[in-house]
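Here is a friendly tour for anyone meeting this structure for the first time. Please take a look, then read on.

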Amino acid sequence: MMNNIYAGKAVKILGITKHTNMERSFTLDAHIHGMPGQFVMVSLSHAGEIPISISGFSSTSIEITVRNVGKVTSKLFQLKVGDKLHLRGPYGESFPLEAFDGQHLLIIAGGTGLAAVKPLLECCLDDDEYKPKKLNLLVGFKSPKHLLFKKELDHWQKKGEVIVTVDTTEGETEAWAGGIGFVVDFVKHVGGIGPETKVVLVGPPLMITNIVRELVHNNVREENIWTSFERHMKCGVGKCGHCRIRDKYVCLDGPVFNHVEAKSLID
Amino acid sequence: MTKVHKLRECKIYKDRAKMEGLKLNCDKAEGAFDRIIEDYKVVAPKRIAGKGRFSDMDLVSYDMVESLSDIVFNDRTYFSAKSVFFPIRETMFNYDKGCVEDARIEEKLTIIFLRACDINAINIFDTMFLKNGGYQDCYYKRRRESVKIFLLECPRPFADCFCASMGTNKTDNYSVFIRKEENGYAIRINDEAFMKYFSEGAKAKVEPHFIEDDLGALNIPDSIDCSLFRNKMWEEYSQRCIACGRCNTSCPTCTCFTVQDITIEDNMQKSERWRIWSSCQVKNFSLLAGDHDFRILKGDRMRYKVLHKIIDFRKTFGFNMCVGCGRCDQVCPEYIGMAKCIKKINEICIADREEKL
């Protein structure tokens, strides 16, 4: 047998959490020693293979969180606990944990972007190795029914400063206690933002552009901002060419980029 | 400025005296070739009558050859030979009832007749598939390891070629060089493995001639300013390009591929995972699930491709990705010119620099 970099390992689904109609988390029987910010390639025969960020680690399993928007994800949504899928990875560069140690860390996420920063949050809150001196989470969803990780959000709220916002509450029957409006408008509500605040920012491209502008306006230095890129990928190992931006491959050099570098990466 | 990378591929003959070469008449050369094709599949430029791009024109294309007389020595091929080691589509995995198996291939030793630019192009393939990111692509590797290279000489620069400008005009990474002469063939053997096929013939000094000067020499800028991304020069390509992707398919250094799962209708238990050539000029190259896309304008796709070929690849690996073979100019149905585009970029860079001074 060849040493095949594209061959995944069959892993069992241990658990499925339904967040919304469109989003589910899958706990997989995979012993992967990844770092927050890295991704795996998930493969289903008859459908294909896609990159998905790791949304949680334990010593015996990993968790991925998937939005049902394509061919592979819709097949994934038909699977049940006990079914198998193929997995390879972890791939890519992680968030620079050591840069956050003893610092004020602000994590900003939009929608499913929360999945990509969840391991980072858990690492900062629950591990003792890297401890920011102050941690803020600012997370925005489309509406209250689009909320992900409700249980975890409650848990984090007890341990750090968390702002949860929704773009709109139109058509909602239940009362909403969080903020209403775009995430960018809530940056000013985060206390203690200054030049040395470290910011991790994950979300749709337009949200990133707007929030970076707002952060810089609040005197945050560009080298203190990190973003995670989402790009079309077919291999995850720098061969297929789809995720290349200039001389960088998002799968190899990213998905986490410091903003100083990220801003020179014009697609 | 541009360094030509060395292929690790052939065992260069230690005794230089033996490398000098041979002259063989046609019969003896064909005899040697007959012995070679017993051991190797030979792929070389071949004339295919009436299949050219215009009426009453032949196509010169890479194909299997069985005689030296089949080989077209003096014309450039329309497509490169890359499909030999990077098939247009290739099965990666076979799936059957939940089991997965690596696709097998018949690994027949293959000789490809290539010009200097195309030999240097293989080095770019090696770089992408065997080095980039520190990962080795096993599908590429197994085909590549069965390839031996024979050098073809360029009698003159072809239209739109600019190998000398790209530094890809020369190479010593070949097993055998063959030149067709009036009454026979001149041969230079660089690889011990091929000595045994050439037992006859008169010793002679045989050196390949390489192109020294391009018809239109180009300067490649060392680096570019980000303002080039917003330059109006790209608008013309948005107007002109029809996103057919021929420039990518004809390019000897375009390595991008996509992956697709194919279901066999009669047997839903079975499926195959294929990889297929992919083109950065064609729609949906970067489309994300959820319909977010990048480089919607064709001018931006042209910019993405050209800057990769002359700037971005070099930033990582130290040599350019474009080898100046000129095929993309020849195949473009909208007469878009790579050389012209490079020239324009260089002019803009010079003007920028002068403005800053």
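A:Leu44 stands opposite A:Gly48 in strand 4 of chain A. The two strands concerned, strand 3 (residues 39-44) and strand 4 (residues 48-57) of chain A, pair in the antiparallel sense over 6 bridges. Strands here are DSSP runs of E with at least two residues, helices are runs of H or I with at least four residues, and both are numbered from the N terminus. Two strands count as paired if DSSP finds at least two bridges between them. This is a predicted model, in which local features need pLDDT of at least 70 and side-chain atom pairs count only at pLDDT 80 or more, while totals for chains, interfaces and linings use all residues. Residues are numbered from 1 along each chain as its sequence is written, chains are lettered from A and ligands numbered from 1 in the order in which they are written, and side-chain values use heavy atoms, leaving out hydrogens and water.

In chain A, a closed barrel of 6 strands runs in the order 1-2-5-4-3-6, with antiparallel pairing. From one strand to the next, the twist averages 45 degrees. Helix 3 (residues 113-126) of chain A packs on the sheet and touches strand 4 and strand 5 (62-67) of chain A. The direction of helix 3 of chain A makes about 30 degrees with that of strand 4 of chain A; axes are lines fitted to C-alpha atoms, for helices over the stretch in contact, and angles run from 0 to 180 degrees between N-to-C directions.

## Strand 11 of chain A

Is strand 11 (residues 198-202) of chain A mostly covered or uncovered? It is mostly covered, as 5 of its 5 residues are buried (under 20% relative accessible area, with exposed meaning over 50% and partly exposed in between, using a 1.4 Å probe and protein chains only). A:Lys198, A:Val200 and A:Val202 point one way from the strand, A:Val199 and A:Leu201 point the other way, and all are buried.

Strand 11 of chain A has a parallel pairing with strand 7 (residues 104-110) of chain A over 5 bridges, where A:Ile107 has A:Val200 as its bridge partner. Strand 11 of chain A also pairs in the parallel sense with strand 12 (residues 225-228) of chain A, over 3 bridges. There A:Val200 stands opposite A:Trp226. Together with helix 5 (residues 205-217) of chain A, strands 11 and 12 of chain A make a right-handed β-α-β unit. Right-handed means that, with the strands pointing away from the viewer, the path from the first strand over the helix to the second runs clockwise.

## Nonpolar cores

A nonpolar core is a set of buried Ala, Val, Leu, Ile, Met, Phe, Trp, Tyr and Cys residues joined through side-chain atoms within 4.5 Å. The largest one has 60 residues, and those with the most contacts inside it are A:Tyr6, B:Phe85, B:Ile112, B:Leu114 and B:Phe257. Among the elements giving two or more residues to this core are strand 3 of chain A and strand 6 (110-114) of chain B. Helix 3 of chain B gives the most, with 9 residues.

Leaving aside neighbours within four places in sequence, B:Leu114 is in contact (heavy atoms within 4.5 Å) with residues including B:Tyr62, B:Ile119, B:Ile149 and B:Leu151. Another core, of 31 residues, lies apart from the largest one; A:Val117, A:Cys123, A:Leu148 and A:Leu153 are among its residues.

## Strands of chain B

Strand 7 of chain B is largely enclosed by the rest of the structure, because 5 of its 5 residues are buried. B:Val147, B:Ile149 and B:Leu151 point one way from this strand, and B:Lys148 and B:Phe150 the other way. Strand 6 of chain B runs parallel to strand 7 of chain B, joined to it by 5 bridges, and B:Phe113 stands opposite B:Phe150. Another 2 bridges join strand 7 of chain B to strand 8 (residues 176-181) of chain B, also in parallel.

Chain B also has an open sheet of 4 strands in the order 5-4-12-11, with antiparallel pairing. Strand 5 (99-102) and strand 11 of chain B each have a single partner strand, so one side of each is left without a neighbour in the sheet.

## Cysteines

How many disulfides does the structure hold over all chains? There are 0, counting a disulfide as a pair of cysteine sulfur atoms within 2.5 Å. For B:Cys241, the nearest cysteine sulfur is that of B:Cys247, 6.6 Å away.
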